[in-house]
Amino acid sequence: MSIDLTGLSAKQLDALIKNAKKRQSIVAKRTPITKVRAQLTRVAKAEGYSIEELFGGAPAPSGRGKAAKATKTVSSRAGRKLGKVAPKYRNPTNTKETWTGRGKHPRWMAELIAKGKKVEDFLIKKK
């Protein structure tokens with residue numbers, strides 16, 4: 001991260017230095033990350049888990065009851081997979097081609113829009 005210091009006034013530089021020193025003292029007092037990782041790994045192993053099971057990376061083994069299910073729900077949200085959606089638009093020339101309205105317009109729709117049609121012209125009418 002770089003900060004352009006040339007445009008800052010003396011007062012702004014003093015405030016920046018003060019905040020940087022405060023942050024430096026906080027970071028210096030923290031336990032080194034390698035020690036924290038080792039400690040977390042030890043506690044997880046003592047409880048019968050791996051770090052991957054607790055924080056993602058590997059699927060949780062079955063047979064753990066609620067803990068396995070909780071880990072699984074967190075990892076399923078991470079990929080942000082959306083469910084299936086019913087199509088909202090249909091190609092008038094080829095009724096097999098539909099579009100849900102998510103993402104880019106399909107080629108058939110883009111071509112027809114370029115010729116002057118409107119997106120609303122392709123809506124599938126609900127019965």
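From the N terminus on, the elements of this chain run α-α-α-α-β-β-α. The model is predicted: local features need pLDDT of at least 70 and side-chain atom pairs count only at pLDDT 80 or more, while totals for chains, interfaces and linings use all residues. Residues are numbered from 1 along each chain as its sequence is written, and side-chain values use heavy atoms, with hydrogens and water left out.

**Exercise 1. Summarise the secondary structure and the surface of the chain.**

Step 1. Helices (H or I, at least four residues) and strands (E, at least two) are DSSP runs, numbered from the N terminus. The chain has 5 helices and 2 strands.

Step 2. By the Shrake-Rupley method with a 1.4 Å probe, where for residues only the protein chains shown count as cover, the accessible surface comes to about 11,400 Å². Carbon and sulfur atoms hold 56% of that surface.

Step 3. Classes of burial rest on relative accessible area: buried is under 20%, exposed is over 50%, and partly exposed is in between (1.4 Å probe, protein chains only). Of the 127 residues, 9% count as buried.

Step 4. Contact means heavy atoms within 4.5 Å. Of the contacts between residues at least 6 apart in sequence, 17% join residues at least 24 apart.

**Exercise 2. Describe helix α2 and what follows it.**

Step 1. α2 covers residues 33–46, 14 residues in total. Its span from first to last C-alpha is 20 Å, close to the expected 20 Å; the expected span is 1.5 Å times one less than the number of residues.

Step 2. The number of buried residues in α2 is 1 of 14, so the helix lies largely in the open.

Step 3. After α2 comes G48, with a positive phi near 90°. S50 sits in the loop between α2 and α3 (51–55) and is partly exposed because its relative accessibility is 25%. The C-alpha atoms of S50 and L40, 10 residues apart in sequence, are 9.5 Å apart in space.
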